[in-house]
Amino acid sequence: MFNIDNNDTITAIATPLGVGALAVIRISGQLSFKIIDFIFKPKIKNIKSRRIYLGYIYSKNTLIDKVLINIFKSPNSYTGEDIIEISCHGSIYIQNKILDLIINNGARLATRGEFTFRAFKNGKLDLYQVESLLELFHSENELDHNLALNNFRGKVSIIIKKIRKKILTLNTILEFCIDFSEEDINKKHLLAFKKLLLNLITKIKDLINSFKLGLFFKKGIAIAIIGKPNVGKSTLFNFLLKSDRSIVSNKSGTTINYIEENLYIDGIKYRLIDNAGIKKNTLNKLELKGIKKTIENIKKSDIIMYITNNINTKYLHLQKYYKYFFKKEIIFIINKCDLLKKKIKIQSSPILISAKYGIGINYLLNKLKTLSERFLKNNNKTIITNVRHYEELKKALFKLNKIKDHIQIGIEPEILSLLLKEANYSLEKIIGTITNEEILVNIFDRFCIGK
């Protein structure tokens with residue numbers, strides 16, 4: 001981890017290491033322009049911000065490469081410092097040679113996340129935006145990407161900063177009540193205090209409640225595929241994934257453990273779980289273990305795909321498992337419709353499919369899309385996805401609810417003021433107004449060296 005108070009000029013290769021068409025090397029700090037003056041020709045007499053210059057990198061009199069340099073002057077740069085980005089050819093030799101030149105002329109190699117830390121330290125990003133940037137790097141689907149991008153642009157940060165301002169207003173009202181103890185004045189201000197307090201509690205609750213929706217974006221909607229052995233669960237699993245991920249056999253009980261894979265449909269992430277078949281009566285220890293795992297996955301799932309290959313059977317053999325289906329969305333599927341003796345029109349309720357030949361899969365996907373929209377409704381609202389933020393918001397809500405309860409029994413304003421400060425402290429930890437080195441290490445160590 002870098003020294004928090006260090007103001008050295010730093011440098012790093014910003015693109016992935018290895019051979020490529022182009023590479024980018026970054027420099028940030030007070031010596032950036034002096035360093036480029038030593039190694040870049042022709043010399044730039046009057047460096048202008050947000051300009052690109054074409055020229056050559058030299059080591060003394062030896063030409064290293066023809067490059068483009070991009071100039072960003074302080075404070076209008078990513079880090080808030082003078083920044084130069086050198087675009088060179090992607091040879092490993094060229095990259096390392098230019099990096100050595102920069103270091104030999106006064107810079108040092110940056111550590112993980114040090115460029116972004118300087119952006120945070122210089123007020124270009126708050127800590128919530130920094131963590132949203134990390135989520136943006138790791139986004140795997142369109143919804144996850146859009147959410148991370150909105151949060152990086154400061155959508156949640158703005159709301160939290162507004163809540164903090166209102167907490168300061170609440171504290172001002174309390175101080176007024178402490179200084180002026182007349183009953184008429186306090187009654188009037190107490191009403192204003194209560195109204196604002198309830199408003200803040202509602203806003204924080206909304207953020208906390210959005211966390212579950214945020215998990216759907218990040219982790220995906222969990223779908224458990226269940227049913228008796230040999231009804232085609234693994235065949236459907238493989239068909240949806242378009243790969244032979246699960247072993248398929250005519251022999252009953254081939255799947256004795258669950259297999260989980262990510263599936264992306266129309267920008268939505270699903271966690272597809274192929275489970276062991278549930279037998280009505282079995283004494284086989286392996287099968288019992290598989291059924292136990294299946295039940296665990298049913299509990300954790302958001303949607304259940306129940307498959308049978310008998311058009312006259314529904315959930316009869318699963319009656320004793322109904323308690324695990326409570327409040328779950330269930331898609332009832334009749335598989336192997338290609339083997340039915342009489343022709344039946346493919347329908348959407350129950351859904352008739354042939355997982356082997358892909359018959360009826362469109363009905364299944366449409367049903368899945370309809371259910372997904374229920375989970376992902378209001379996806380344009382402000383959503384939090386980070387566990388650390390979620391926990392701090394819960395702490396702030398707890399303190400505000402405590403204040404609400406204390407008002408009813410007439411607790412001294414000084415105690416209420418202390419609780420307000422504790423609630424505000426939790427919010428400050430989210431955006432980084434107050435933080436500690438341990439939190440910073442945990443966050444910035446997750447960045448690459450060039451960011």
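Glu81 and Arg118 are both buried (under 20% relative accessible area, with exposed meaning over 50% and partly exposed in between, for a 1.4 Å probe and protein chains only). The two residues form a salt bridge, taken here as a side-chain nitrogen of Lys or Arg within 4 Å of a carboxyl oxygen of Asp or Glu, and their closest N and O atoms are 3.1 Å apart. The pair links distant parts of the chain, 37 residues apart: Glu81 is in the loop between S5 and S6, and Arg118 is in helix H3. Helices (H or I, at least four residues) and strands (E, at least two) are DSSP runs numbered from the N terminus.

This is a predicted model, in which local features need pLDDT of at least 70 and side-chain atom pairs count only at pLDDT 80 or more, while totals for chains, interfaces and linings use all residues. Residues are numbered from 1 along each chain as its sequence is written, and side-chain values use heavy atoms, with hydrogens and water left out.

**Salt bridges**

- The count of salt bridges comes to 14.
- Glu392 forms a salt bridge with Lys429, with the closest N and O atoms 3.3 Å apart.
- Because Glu392 lies in helix H11 (residues 387-408) and Lys429 in helix H12, this pair ties together parts that are 37 residues apart in sequence.
- Glu392 is buried at a relative accessible area of 7%, and Lys429 is buried at 14%.
- Glu422 forms a salt bridge with Lys399, the closest N and O atoms being 3.0 Å apart.
- This pair also links distant parts of the chain, with Glu422 in helix H12 and Lys399 in helix H11, 23 residues apart.
- Glu422 is partly exposed, with a relative accessible area of 31%.

**Helix H3**

- Helix H3 (residues 114-121) has 7 of its 8 residues buried, so it is largely enclosed by the rest of the structure.
- The buried residues of H3 are in contact (heavy atoms within 4.5 Å) with elements that include strand S2 (20-28), helix H4 (127-137) and helix H13 (437-444).
- H3 lies across S1, S2 and S7 and runs at about 135° to S1; axes are lines fitted to C-alpha atoms, for helices over the stretch in contact, and angles run from 0 to 180 degrees between N-to-C directions.

- An open sheet of 7 strands has the order S3-S4-S5-S6-S2-S1-S7, with mixed pairing; two strands pair if DSSP finds at least two bridges between them.
- Strand S3 (40-41) and S7 stand at the edges with a single partner strand each, so one side of each is left without a neighbour in the sheet.
- S3 and S4 run antiparallel and are joined by 2 bridges.
- Tyr56 in S4 is the bridge partner of Lys41.
- Helix H2 (residues 92-104) lies across S1, S2, S4, S5, S6 and S7, and runs at about 150° to S6.

- Ile35 lies in helix H1 (residues 32-39) and is buried, with a relative accessible area of 0%.
- Beyond its neighbours within four places in sequence, Ile35 is in contact with residues including Thr9, Ile27 and Ile102.
- Ile35 and Thr9 are 26 residues apart in sequence and 9.7 Å apart in space, C-alpha to C-alpha.
- Ile52 lies in strand S4 (residues 51-59) and is exposed, with a relative accessible area of 57%.
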